[in-house]
Amino acid sequence: SSTAVVATISPGAGESKDVRLAVYAQSASGQTSFTYRAPTVTTALPAEASPDGNTTLTLSGYGFGMADYSPVTSVGMTSCKSTVWTSDSALQCVTAAGTGVVDIRVQVDNQQGP
């Protein structure tokens with residue numbers, strides 16, 4: 001069709017990525033952007049951590065990126081002491097001190113998950 005293009009997007013992370021089209025060395029005009037799925041944690045092991053911190057959590061999910069985009073992880077309102085990217089579906093974080101039942105959030109390439 002002369003009005004539509006179907007493309008396969010390379011793996012990645014982040015939001016508002018520029019989309020560019022070139023056909024036979026001619027670039028398309030106009031601007032559009034693409035946003036990858038937000039990083040989402042589906043499981044965290046162990047399910048309980050020491051209130052003193054220093055527990056290494058293994059986080060499983062999706063949208064962590066196909067390369068190390070320097071993810072930032074928070075447990076509740078407190079950032080992990082460190083976050084290590086393992087794959088698009090796995091991270092590890094070392095917890096800071098804290099108590100209570102809390103949400104775990106991941107931010108990758110300035111895109112925060114739910």
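**Aromatic pairs.** I searched the whole structure, which is a predicted model, and found one aromatic pair. The partners are Phe34 and Tyr36: their ring centres lie 5.0 Å apart and their planes meet at 90°, so I noted the pair as edge-to-face. Next I looked up how open each partner is. Phe34 has 31% relative accessibility and counts as partly exposed. Tyr36 comes out at 19%, which makes it buried, because the cut-off for that word is under 20%.

**A charge over a ring.** I then turned to Arg37. Its charged end sits over the ring of Tyr62, 4.0 Å from the ring centre.

**Gln111.** Is Gln111 buried or exposed? I found it buried, with a relative accessible area of 5%. Its side chain makes two entries in my notes. A polar atom of that side chain lies 2.8 Å from the backbone oxygen of Tyr36, and the side chain also reaches the backbone nitrogen of Gly14 at 3.4 Å. I listed the contacts of Gln111 as well, leaving aside neighbours within four places in sequence; among them are Glu15, Thr35, Arg37, Pro39 and Val106.

**Gly100.** My last stop was the loop between β10 (90-94) and β11 (104-108), where Gly100 has its place. With 65% relative accessibility, Gly100 counts as exposed, since exposed means over 50%. I also checked Gly100 against Ser74: the two are 26 residues apart in sequence, and their C-alpha atoms are 14 Å apart in space.

Methods
Residues numbered from 1 in each chain as written. Predicted model: local features only at pLDDT ≥ 70, side-chain atom pairs only at ≥ 80, totals over all residues. Heavy atoms only, no water. Helix = DSSP H or I, 4+ residues; strand = E, 2+ residues; numbered from the N terminus. Buried < 20%, exposed > 50% of the residue type's maximum accessible area, 1.4 Å probe, protein only. Phe/Tyr/Trp six-rings, centres within 6.5 Å; stacked < 30°, edge-to-face > 60°. Lys NZ or Arg CZ within 6 Å of the ring centre and 35° of its normal. Polar contact = N/O pair within 3.5 Å; in protein donor to acceptor, adjacent residues only side chain to side chain. Contact = heavy atoms within 4.5 Å.
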